[in-house]
Amino acid sequence: MSEKRKRVVLTINQKLEIIKKLQNGVLKKHLCAEYGIGETTVPDIFKQKDKLLSFAASAETSSAMKKRKAMKLSTYEHLDAALLEWIAQLRSEGTPISGPILAAKAEHFHKLLGLEGMFNASSGWLTRFKQRHGIREISLQGDKLSSDTEAAELFKAEFEEYVAAENLTPDQIYNADESGLFWKCLPTRTLAFERERQVSGHKSSKERYTILCCGNASGEHKLDLVVIGKSKKPRSFKGSRAVNLPVQYFSQKKRDGWTKESSKNGLKNTLSHKLKTILCPKTCP
């Protein structure tokens, strides 16, 4: 007696793949073996070609079709449309949206639109809504939306005019930027055995160095890294001098002469001296 074949439910993406392969001349028996489906399933899928293509074209994103298995529409299409417009408006402003906020807004729109029937924005509804429209949860990165974009555009235009007026090349244009290096900070994720149900961690260390990088626009020249530490003579420097390091090291303690203004002037003088040895004196007065 032959073993009963396990029932397979294909996603819409897989059905679209089958239709494309059939049109390219792939044999039906090969598709049955590849996807683990019966011989009658392939022609049934091909009969739904127009309906599947139309449904996929109406989807907001292609990722929405990767896990979706049925073409069933939402019970509340007007509610979905209102929520999608609201989400698009908030994302254009950079406002973060969480699951509970979306659920509360769904119930508010349901009452506002006067839709019939009982509606509960449960966790199941939220999961299905996100799957229908290809919505995912991601971490916010950076603080770009807090910046003054108008001032940035104005500076960009003025800088381009200055570069053109002075006839500067990418080799002559330098940029410097600072960042923090949390040198004791451990990873927040780890590899673990399957038997480990819960993994404990350590409190993240806040010890850091301030680093400043500087290089020209062409990438042909990079200045030595500037490092600003807490101590003038760290224990790790024992037996060596800061001037012998492959970086320029400064201490941030005020008693060692470190202030924001003095550091700015010191770095400016250091960079100017190094640049004058590389660039033409005419472009570096």
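These points concern the strands and the aromatic pairs of a predicted model.

1. The strands β1-β2-β3-β4, in that order, make up an open sheet of 4 strands with mixed pairing. Because β1 (174–181) and β4 (248–251) each have a single partner strand, they stand at the edges, and one side of each is left without a neighbour in the sheet. Direction ignored, neighbouring strands of this sheet are turned by 20° against each other on average.

2. Across the whole structure, a search finds 5 aromatic pairs. One of them is formed by Tyr 76 and Phe 119, which are edge-to-face, with 5.5 Å centre to centre and 80° between the planes. This pair links distant parts of the chain, since Tyr 76 lies in the loop between α5 (64–67) and α6 (77–93) and Phe 119 in the loop between α7 (99–112) and α8 (123–133), 43 residues apart.

3. Tyr 76 counts as buried because its relative accessibility is 17%, under the 20% cut-off, and Phe 119 is likewise buried, with a relative accessible area of 16%. Tyr 76 and Phe 119 also form one aromatic cluster with Trp 125 and Phe 129.

4. Trp 183 and Tyr 209 form a tilted aromatic pair, 6.1 Å centre to centre and with 35° between the planes. Trp 183 lies in the loop between β1 and β2 (209–216) and Tyr 209 in strand β2, so the pair ties together parts that are 26 residues apart in sequence. Trp 183 counts as partly exposed at 45% relative accessibility, as does Tyr 209 at 22%.

Definitions and conventions:
Residues are numbered from 1 along each chain as its sequence is written. This is a predicted model: local features need pLDDT of at least 70, side-chain atom pairs count only at pLDDT 80 or more; totals for chains, interfaces and linings use all residues. Side-chain values use heavy atoms; hydrogens and water are left out. Two strands pair if DSSP finds at least two bridges between them. Helices (H or I, at least four residues) and strands (E, at least two) are DSSP runs, numbered from the N terminus. Axes are lines fitted to C-alpha atoms, for helices over the stretch in contact, and angles run from 0 to 180 degrees between N-to-C directions. Rings of Phe, Tyr and Trp (its six-membered ring) pair if their centres lie within 6.5 Å; planes under 30 degrees apart count as stacked, over 60 as edge-to-face and the rest as tilted. Buried means under 20% relative accessible area, exposed over 50%, partly exposed in between (1.4 Å probe, protein chains only).
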